[in-house]
Amino acid sequence: MSIDPILFEPPARPSHPPEAPLAAEVGAVELTIDGRAVSVPAGSTILEACRAEGIDTPTLCYLESLTPVNVCRVCVVEVAGARVLAPACSRKVEPGMEVMTDSERVRHSRKLVLELLGSSVDVGLAGPQAPDGSIAAYTERYRADPTRFGPSANPAAADERDAREAGHHHAAVGEPTAATVGQPVKIDNELYVRDYSKCILCYKCVEACGVDAQNTFAIAVAGRGFDARISTEWNVGLPDSACVYCGNCIGVCPTGALMFRSEHEMREAGTWDESAQTMTDTICPYCGVGCTLSLHVQDNDIVKVTSPMDSSVTDGHLCIKGRFGFQFVQNRGPG
Amino acid sequence: MDLHVVAPLASPAERDAVDAVLSPLIGPPASGWHGGVRDSKADGHIARGGHEARSHRDLLIPALHGIQARVGFISQPALAYVCRRLSVPPAEAYGVATFYALFATTPRPPLVAHVCDDIACRLAGAEDVCSDLGRSLGPAGQPTRDGRATWLRSPCLGQCERAPAALFTSAGESPTSFAVAPIDAAGIVARFDAPRIEAVGPVAAPTPDDRLAVARRSVPQAGDDGLRILARIGRIDPLSLDDYRRHGGYEALARAIALGPERVISEVTDAKLVGRGGAAFPTGRKWAAVAAQITRPHYLVCNADESEPGTFKDRALLEDDPFATVEAMTIAGFATGAERGYLYIRGEYPLAEARVTAAIGAARAAGLLGPDALGSGVSFDIEIRRGAGAYICGEETALFESIEGKRGEPRNKPPFPVEVGLFGKPTTVNNVETLANIPAIVLEGGAAFAAIGTDGSTGPKLFCLSGNVERPGIYEVPFGVTLRELLDLGGGVRTGRTIQAILLGGAAGVFVGPEALDTPLTFEGTRAIGATLGSGVVMVFDDTADLVGTLRRIAAFFRDESCGQCVPCRVGSVRQEEILARLAAGRPRGSAADELALLRDVGQAMRDASICGLGQTASSAIESAFRQPGMMSL
């Protein structure tokens with residue numbers, strides 16, 4: 001029996017540590033935004049260029065830590081010479097590009113996107129991702145009036161929207177109301193709830209569950225058109241699905257459609273009070289990765305756990321233990 | 001990938017349905033990880049899956065077709081088995097299955113009549129057919145009393161020249177699918193009542209004697225002299241490669257190989273050929289851009305997902321002259337440096353699919369496709385992919401997604417397909433009719449082709465004439481004939497009737513009034529009157545036609561066919577339908593003028609801010625009807 005000599009003769013160690021590869025040279029791209037000459041690194045998006053210039057651009061489906069899906073269209077800008085508007089979040093800058101962020105067409109489309117969403121989705125909790133405000137602030141800025149399409153139609157029964165088949169909707173018959181995605185909250189586990197009445201279908205949760213963070217693939221977009229919805233396989237409850245309860249979908253949800261059960265129940269009871277909450281950063285005690293946890297505390301109880309989006313360890317993502325495993329802290333029973 | 005699959009085990013029939021599709025391509029399941037029999041020795045300590053298993057994701061939709069055809073719907077155990085075999089997460093596979101209208105995810109009787117109630121069929125009484133069916137069989141989707149059959153409403157089936165139409169799908173051990181047009185409710189019920197659904201031999205071509213007569217039902221000019229694109233329609237046996245070669249087939253490929261790729265592209269550029277699918281992009285420029293890409297491999301895609309309501313030209317070309325598409329794809333692949341072509345054909349075209357499948361097989365057997373096409377060292381082969389009921393998949397990037405086994409959601413452009421296309425590689429996408437022009441350009445030269453038509457619109461063009469005309473069908477004319485001349489070719493409106501409106505370009509097109517009759521049917525001519533040629537739809541509405549109902553059907557169409565990805569189209573198409581319904585019911589919010597202003601507001605946002613052409617044109621026809629003075633009275 002021969003033994004591979006490599007086991008006994010390890011390769012010689014290099015005499016000095018390998019050097020870091022040289023950073024690629026990034027050229028600058030010159031363009032104009034709203035008439036201003038702007039220079040940004042090549043490969044930047046229009047949104048990054050706008051933010052560098054301090055131009056406030058609304059976003060809903062965009063998040064720095066996720067691949068842009070450019071589906072909400074609230075960030076659209078006008079590019080001179082283009083037939084249609086471009087999504088600032090994903091469109092890369094090009095030399096000589098002339099971008100207009102506040103033209104008549106841009107204002108119109110942003111207003112209509114806000115109206116269309118506002119008339120079909122409960123956006124009451126939406127939008128604090130943007131640096132300076134909620135969807136309500138943008139609604140005011142663009143003078144959007146979601147009620148133009150009529151009062152909201154009655155919400156659907158539980159699971160009714162999940163059963164809708166592509167290509168076979170019940171045609172509108174002239175009722176005075178506007179169709180919505182309204183439906184009961186899905187509560188099927190102790191950790192978090194899914195209120196798809198608040199879902200603007202930004203795809204962030206699907207991305208976070210998939211290749212952008214968790215690689216669990218428990219949820220995907222199912223159905224088509226207005227009946228498209230976030231769904232587990234066959235709309236099974238979360239306990240039967242592939243969900244591992246990392247809660248990273250909650251972390252990226254911009255509308256409050258996905259929410260800690262504790263927060264949901266306090267909101268239902270009317271006891272949720274963000275002004276009375278403190279936020280304390282700590283390090284997760286469970287393993288050696290060292291994720292930053294932000295503990296949201298109200299009345300000396302942890303009511304929610306998040307992680308800062310700019311944490312280099314987590315990018316805002318956690319696992320089930322860091323996100324939900326805090327009950328022992330407040331186990332105040334005898335013993 | 002560690003899949004979490006909870007469904008019960010697939011039945012032998014369900015496994016057979018999947019394996020019949022997958023095993024010839026990727027072999028039987030390699031281990032328990034892939035859905036095979038668990039072997040604790042082989043599987044116990046080794047995780048399988050990984051990149052190789054995931055690389056077959058593009059077989060997901062073919063596998064779903066296999067289940068749908070065998071089981072009659074996509075069952076949970078069958079889908080779970082596919083997921084194991086292809087390493088696709090069940091939630092994603094469910095998202096794909098629920099995206100396509102021809103896939104059912106709830107139990108459905110084996111025999112289904114998909115009854116077209118779209119705009120051309122409406123003009124031919126489709127609503128009467130549906131209400132008759134409602135009376136005799138019960139509401140759409142409800143199984144008949146014996147549980148064997150059901151009927152469903154369907155968007156345009158591409159049989160507009162013989163409206164009203166129905167597509168029958170029969171699931172089981174020997175599944176079949178065929179369209180019948182014209183058909184009435186009694187005809188549908190009679191097929192349901194037959195002891196077994198008639199095995200219409202879709203491949204079997206008509207005999208030489210009635211071949212021309214059959215072809216003339218769709219192509220009234222068939223057999224006429226002077227036709228270029230339609231020259232062989234009705235004259236050759238569509239299943240005979242020899243017949244095709246006797247009529248000039250494969251001369252162009254030989255010539256192309258002699259000329260070399262650069263010269264072929266320069267001839268196509270000189271021909272000033274532009275795409276016939278609706279976007280009218282210069283074909284030569286597209287080919288040159290792909291050919292110049294350093295990234296390999298390159299792909300070629302023939303877009304035969306002809307779903308624009310009122311369009312049926314590609315169907316006729318594929319049914320009656322399938323080798324022409326195969327040859328033209330080979331030339332295009334040769335010119336652009338692609339060794340693999342995909343022909344994506346809509347699921348509602350079973351006859352065209354059968355014929356072109358046969359043609360590809362015959363061409364391969366004759367050495368005209370494969371590693372050494374025509375003995376010249378050129379390697380090219382074609383794979384057919386069948387759509388599953390989604391208009392959006394005619395959009396080129398949605399089509400890529402569909403071939404890749406995903407939901408047909410369009411990608412944002414740029415990057416354009418010539419750089420980043422199918423499987424992320426440089427890709428040429430051409431419509432069937434665009435490709436049909438290639439052999440003539442190669443043989444006669446680009447300059448000769450450019451001499452046909454007008455300066456701005458070169459070559460011959462197929463028009464799909466339907467609606468209230470004497471002889472609906474596909475007509476080939478050189479660019480430049482006027483709308484009136486085209487209508488005259490089709491015999492004009494029926495005696496005693498007058499024209500109320502003409503829809504140019506389909507549901508994504510524009511309504512014009514009779515005053516536009518002298519408009520030349522060219523890209524520049526229609527642009528000058530604010531209209532479009534689109535895919536060549538010319539649908540005539542006489543004074544008896546219900547235009548309001550037509551507009552509502554168009555709005556419902558876009559509501560159904562929106563992929564749901566972007567807000568302007570997903571919600572805007574719903575609001576558009578609601579506004580029209582309120583106007584039609586005489587119950588506007590505020591005044592009718594308020595509603596029309598709201599309609600225009602929604603339309604502009606859809607046009608400006610939607611991701612793809614579907615949303616950008618979803619308001620086009622509807623807004624155009626209201627722009628025409630006096631066309632709509634509400």
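**Notebook: domains, interface and sheets**

I began with chain B and found that the C-alpha centres of its domain 2 and domain 5 lie 28 Å apart. I note that the model is predicted, that local features need pLDDT of at least 70 and side-chain atom pairs pLDDT 80 or more, while totals for chains, interfaces and linings use all residues. Residues are numbered from 1 along each chain as its sequence is written, and chains are lettered from A and ligands numbered from 1 in the order in which they are written.

**Entry 1, domains of chain B**

I listed the division of chain B: domain 1 (12–97), domain 2 (111–193), domain 3 (241–449), domain 4 (452–542) and domain 5 (547–627). The bounds come from an automatic or database domain assignment. I then looked at contacts, where two residues count if their C-beta atoms, placed from the backbone, lie within 7 Å. In chain B, 4 residues of domain 2 are in contact with 7 residues of domain 5. The domain 2 side of this contact has 2 nonpolar, no polar and 2 charged residues. For these classes, Ala, Val, Leu, Ile, Met, Phe, Trp, Tyr, Cys and Pro are nonpolar, Asp, Glu, Lys and Arg are charged, and the others, Gly among them, are polar.

S3(B), residues 166–170, and S4(B) run antiparallel and are joined by 5 bridges; strands pair if DSSP finds at least two bridges between them. B:Ala166 has B:Val180 as its bridge partner. The two strands form a hairpin with 5 residues between them, and B:Gly172 in the turn has a positive phi of about 150°.

I traced an open sheet of 5 strands with mixed pairing, in the order S11-S10-S14-S12-S13. S11 (473–478) and S13 (510–512) of chain B are at the edges with a single partner strand each, so one side of each lacks a neighbour in the sheet. S10(B), residues 460–467, runs antiparallel to S11(B), with 6 bridges between them. B:Pro460 stands opposite B:Pro478 in S11(B). Helix H28 (620–627) of chain B packs on this sheet, touching S12 (499–504) and S13, and its direction makes about 25° with that of S13(B). Such angles run from 0 to 180 degrees between N-to-C directions, with axes fitted to C-alpha atoms, for helices over the stretch in contact.

I counted 7 helices and 12 strands in chain A. Of its 335 residues, 45% count as buried. Chain A has domain 1 (28–146) and domain 2 (179–330), with C-alpha centres 26 Å apart. Here 19 residues of domain 1 are in contact with 20 residues of domain 2.

Between the chains, 49 residues of chain B are in contact with 49 residues of chain A. H25(B) gives the most to the chain B side, with 12 residues. By class, that side has 24 nonpolar, 12 polar and 13 charged residues.

Note on methods:
Helices (H or I, at least four residues) and strands (E, at least two) are DSSP runs, numbered from the N terminus. A residue is buried if 20 or more other C-beta atoms lie within 10 Å of its own, exposed if 12 or fewer, and partly exposed in between; C-beta atoms are placed from the backbone.
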